[in-house]
2 protein chains.
Amino acid sequence: MTSRARRVRPPAGRPVTMNDVAAAAGVAQSTVSRILNDNALSVRVSPATRERVLAIADELGYRPHPIARALRGAPTMLIGAIVRDITDWFFAATIEALSSRARAYGYSVVLAHASAAADEALRLTAVLEARHCDAILVLGDFRGEGRLAEDLRNLRVPVIGLWQGSEERGRPFPIIGVDNRTGIRAAAAHLVELGHERIAYIGADRLGDMEERQAAFLGYLDETGIELRQDHVQLVPNTIDGARFALSALLERAPGPTAIVAASDVLALGLNRAAFDRGLRVPDDLSIVGFDDIPQTAASVPGLTTVRMPIPEMVEAGLKIGVGGDRWSGDGRAPRVVFQPSLVVRQSTAAPSSRD
Amino acid sequence: MTSRARRVRPPAGRPVTMNDVAAAAGVAQSTVSRILNDNALSVRVSPATRERVLAIADELGYRPHPIARALRGAPTMLIGAIVRDITDWFFAATIEALSSRARAYGYSVVLAHASAAADEALRLTAVLEARHCDAILVLGDFRGEGRLAEDLRNLRVPVIGLWQGSEERGRPFPIIGVDNRTGIRAAAAHLVELGHERIAYIGADRLGDMEERQAAFLGYLDETGIELRQDHVQLVPNTIDGARFALSALLERAPGPTAIVAASDVLALGLNRAAFDRGLRVPDDLSIVGFDDIPQTAASVPGLTTVRMPIPEMVEAGLKIGVGGDRWSGDGRAPRVVFQPSLVVRQSTAAPSSRD
DNA sequence: TTGTATGCGTTATCAG
DNA sequence: CTGATAACGCATACAA
């Protein structure tokens, strides 16, 4: 250890910059920069200075300043997730999958939920912070939030929509969705095959995917000639309590349904709990089939028959388009990817009991 | 509209900067800057130029560049959340609460989960991106991730730990926790009052809070003179499947427990489902009490007796210390806030059935 | 009242 | 091989 080996720590209380390292090493700051990112550089530095600078950088505890890098145009390695309602278990599961998958790409996730009291200022905020991000995933349907759509349109970063419903209104960004029609028809067909004849539907209003599921349900019953009472279609908030409310409405006029198709697992699980609270046994007195296959179904008593949504695969597809190999150039038609759901039969569905 | 009214849009394909606005308005960039943040400025600009510049900024669609601002030292309005396991429903609920509360402060949340395959590089990443943030909340116990702790220590931003367990090892940052002892004793006392005598415990290993709960449970049984069989304490992963495994183990040697204290709701819900799959009725054959009162309990059949964790309040306290009015100066002892949990009795607990 | 100049921490392009 | 120097977009002390 030479007499010069002990170097002056720059005044603690301030992060160590390249300048500090350069000063301590007696070289130019640009030299430090070159050494510290030697990856794709054409110029080479002498092993001697490299060693020295690296050692000093380490000793001083130098850490690159991501914001300064970002200002220079480097990617921020941040993915923005604009989510309609983070309290919705479905979107929670989505964020979980997104966060996990994003990490595989080296990205982290910035949450911006626009839900509920989404007044103008907040929508703007969500968009402003978006400029921190390398890509934005819009999770869920944001119809009615006209301003958000417009803000997104003016953004410089790629935007990918997931679960936006399938309407083709010339959206300027890629969309990833699911074949709701196939999913719902599988669910309804399953109930019909079990022998149910009074099948109800509960869903939520104003949400693209939900509306498609409702239409698919009505279409299927129509085709198969099964009668559907008007009051056996209930539209409620997509919550546990919403489902409770829906069940009350469905049972108001006898005979009630022997089976219910719920447009989401949240509603299905809420239905299941509400049925229990009313003393109805599932599936003996009431069959329930959900949609999404969220992780919460693993704790459901009884196990929930549902339509599996390939959440991880869909998120992965979104990442590929946003920051991965499938990046969309922005030319021509925005790509649309549609995934196929599949029925998962568990214990919440059975043949209608004979006493009906 | 004068002949000069149509101004040249700066070459689309690049965000509009203050310079663009300045050029279009024929003023200096600094003037634009002054006008655009007129808040606490001592200097005044002429109403004429102000009008003009504002109009042009609007016309050009100027948006401030948050990264440039951040480089100048402005807060990023980002809160980092380092979470041990985002698939854990408890932490999912925490993130939900955090995201909601943070918005009230004008902040968004950056997720960085360090879980599972947390190799060195990733830990560093988590810390690097941290410099984007104005504060960091560490959710859950990270013992064993020694490097993370060290990295956090060197950080320039305030760090607040939540649910780290209560050990007082001279941590250099504020901690917010819950009184595990009181919570577990309330749960156990409830079962004892119902008449249970064979009470088991299941929890997870290596987690600060979990260990405290276990110790509290053992201590309580000891005090009240209730016998505890060695194999009636099961340590498993904090998952639905972990609980399933634990139940198998608990029932291996007759007589099995008539009641189980689970160290988390995830375990309790898993237990409930596993009991159902084995044909055990809850609470008739088996009483279950959980810990946390996560939102998923609202869908549980039957309703889960549990110990309520004041998640929103705790998150709020963390935000107050990190970015709110209770900011910690860094001097003296780091503050510790301990919240009190409370028992919520629902349907998963009852007196042991007489056939036992 | 407004313009000029400087710096925040990097990276990149020049010269030397 | 290395050292100046100029951006990146913005805020601000200082000069006019």
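How many residues does helix H8 of chain A have, and how far does H8(A) reach from its first C-alpha to its last? The helix runs over residues 180–193, which is 14 residues, and it reaches 20 Å, close to the 20 Å expected at 1.5 Å a residue. Keep in mind as you look around that this is a predicted model.

Let's stay with H8(A) for a moment. Its buried residues are A:Asn180, A:Gly183, A:Ile184, A:Arg185, A:Ala186, A:Ala187, A:Ala188 and A:Leu191. After the helix comes A:Gly195, with a positive phi near 105°.

If you take the contacts in chain A between residues at least 6 apart in sequence, 72% join residues at least 24 apart.

Another helix worth a visit is H5(A), residues 89–104. Its 16 residues should span 22 Å at 1.5 Å a residue, and the end C-alpha atoms are 23 Å apart, which agrees. Is H5(A) largely enclosed by the rest of the structure or largely open? Since 14 of its 16 residues are buried, H5(A) is largely enclosed. What follows is A:Gly106, and its phi is positive too, near 85°.

Next, how do the two protein chains go together? Chain A can be laid on chain B with an RMSD of 0.1 Å, using a turn of 180° and a shift of 0.1 Å along the axis. The two copies are thus related as by a two-fold rotation axis. Both copies use the same surface: 100% of the contact residues of chain A recur in chain B. To find the axis, look for A:Val110, whose C-alpha comes closest to it among the residues of chain A, at 2.2 Å.

The contact itself takes 38 residues from chain A and 38 residues from chain B. On the chain A side, the elements that give two or more residues are H4, H5, strand S2 (108–113) and helix H11 (265–277). S2(A) gives the most, with 6 residues. By class, that side of chain A divides into 21 nonpolar, 11 polar and 6 charged residues. S2(A) also pairs with strand S2 of chain B, in the antiparallel sense and over 3 bridges. Here A:Val110 turns up again, standing opposite B:Val110 in S2(B).

On to the DNA. Which element gives the most to the surface near DNA strand C? That is H2(A), with 4 residues. The surface has 10 nonpolar, 10 polar and 4 charged residues.

DNA strand D is surrounded by 24 residues, with A:Ala28, A:Ser30, A:Val45, B:Ser30 and B:His65 the closest. Here the elements giving two or more residues are H2 of chain A along with H2 and helix H4 of chain B. H2(B) supplies the largest share, 4 residues. The classes come to 10 nonpolar, 9 polar and 5 charged residues.

A cis peptide bond joins A:Val282 and A:Pro283, with omega about 5°, and A:Pro283 sits in the loop between H11 and strand S9 (287–289) of chain A. The peptide bond from A:Val301 to A:Pro302 is cis as well, with omega near -5°. A:Pro302 is in the loop between S9 and strand S10 (306–308).

That loop between S9 and S10 also holds A:Asp292, which has a positive phi of about 125° although it is not a glycine. Is A:Asp292 buried or exposed? A:Asp292 counts as buried because it has 28 C-beta neighbours inside 10 Å. In chain B, the phi of B:Asp292 is near 125°, and B:Asp292 counts as buried with 28 C-beta neighbours inside 10 Å.

Our last stop is A:Gly318, found in helix H12 (residues 311–322) of chain A. It counts as buried, with 29 C-beta neighbours inside 10 Å. Leaving aside neighbours within four places in sequence, A:Gly318 is in contact with A:Leu137, A:Ile160, A:Leu162 and A:Ile176.

Note on methods: Residues numbered from 1 in each chain as written. Chains lettered and ligands numbered in written order. Predicted model: local features only at pLDDT ≥ 70, side-chain atom pairs only at ≥ 80, totals over all residues. Least-squares fit on C-alpha atoms with pLDDT ≥ 70 in both. Contact = placed C-beta atoms within 7 Å. Nonpolar A, V, L, I, M, F, W, Y, C, P; charged D, E, K, R; others polar. Near = placed C-beta within 6 Å. Buried ≥ 20, exposed ≤ 12 C-beta atoms within 10 Å, placed from the backbone. Pairing = 2+ DSSP bridges. Expected span 1.5 Å × (residues − 1).
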